[in-house]
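Try each task before you read its solution.

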Amino acid sequence: MKTLLFILLMLNMLDAKDYSHLPELKLNELSQTETRVIVNKGTERPFSGKYNKNTASGVYTCKRCDAPLYKSDAKFKSSCGWPSFDDEIKGAVKRVPDADGRRVEIVCARCDAHLGHVFKGEGYTPKNIRHCVNSISLNFEKENASSIKKAYFAGGCFWGVEYHFEKLDGVKSVDSGYMGGHIKNPTYRQVTRKKTGHLEVVEVVYNSNKVSYESLVKLFFEIHDPTQKNGQGPDIGSQYLSAIFTSNKKEKEIIYKLVGILNQKGLDIATKIHPLVPFYKAEDYHQDYYANKGKKPYCHSYKKLF
Ligand SMILES: [Zn+2]
């Protein structure tokens, strides 16, 4: 019986997602209480966790590495005092024998954060499985009901990036602007002098029912050279670096996946991933620059990569 259990555990481990192609994993800092559970495999007090009674729609992610672990559809009421799920997001959770020799521990497949334990045969739901997870090991991302979303890309001179995104079906509008610096409302002159730390960025407003975030990121990689480390084309300088500002973990996952594909094609991607910060729209004469001039970009052309 023990051997069978071991084999089943091994099979489950093989099924775990392969994250080896990803850029170096940045782990979130943990508080002392979080460390006690996530690193030292402790257990939070029953009925004390933030998500025990949460019934909102969304995705539960790993507190330490942001990997999506459970969807809210898999959550059920178990009255055990901890969030209970009868299924994980495929490959996101790894099962390992618990140190107590009896139970099966569950950890994040990407960063090994301790989540809790998994039990079988209790009859709570038709799947007959209960992932008993500490709330403190999780974050929760509520589903955004609106299909109109925004995405932010820095790929060199914003005129050219804006030009290409405006041609994509499902994109409602694109604005050129600045992000990532340390002053509010920077001017083009200030950004050009490279003293504010801003990047030239475009804000893409899109209908996610018509075009996916993944399609936007693919286009982004295909209209600039994401391997250039000092700027873009002839535009050299910190304001022209390649970067994506992300609003949530799902976006980050998509970028990681696509960067992985490009790495496998031998491309050393210089694109940085940043959390969302305020976007400052650039001066009017930078908006729709090529459309207004009736010209084509000097620095951005489409090259199929995916
Ligand atoms: Zn994790």
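This is a predicted model: local features need pLDDT of at least 70, side-chain atom pairs count only at pLDDT 80 or more; totals for chains, interfaces and linings use all residues.

**Exercise 1. Find the domains and describe where they meet.**

Solution. Now turn to the contact, where a pair of residues counts if their C-beta atoms lie within 7 Å. Seven residues of domain 1 and ten residues of domain 2 take part. Finally, sort the domain 1 side by class: three residues are nonpolar, two are polar and two are charged.

**Exercise 2. Is strand 7 mostly covered or mostly uncovered?**

Solution. First locate strand 7 at residues 114-120. Then apply the cut-off: a residue is buried if 20 or more other C-beta atoms lie within 10 Å of its own. Five of the seven residues in strand 7 pass, so the strand is mostly covered.

**Exercise 3. Which strands pair with strand 7, and over how many bridges?**

Solution. Begin with strand 6, residues 104-108, which pairs with strand 7 in the antiparallel sense over four bridges. To check this pairing on screen, look for Val 104, whose bridge partner in strand 7 is Val 118. Then follow the hairpin of these two strands: five residues lie between them, and Asp 112 has a positive phi near 65°.

Now move to strand 8, residues 129-133, which is also antiparallel to strand 7, with five bridges. Here Phe 119 can guide you, as its bridge partner in strand 8 is Arg 130.

Key:
Residues are numbered from 1 along each chain as its sequence is written. Two residues are in contact if their C-beta atoms, placed from the backbone, lie within 7 Å. Ala, Val, Leu, Ile, Met, Phe, Trp, Tyr, Cys and Pro count as nonpolar, Asp, Glu, Lys and Arg as charged, and the others, Gly among them, as polar. A residue is buried if 20 or more other C-beta atoms lie within 10 Å of its own, exposed if 12 or fewer, and partly exposed in between; C-beta atoms are placed from the backbone. Two strands pair if DSSP finds at least two bridges between them.
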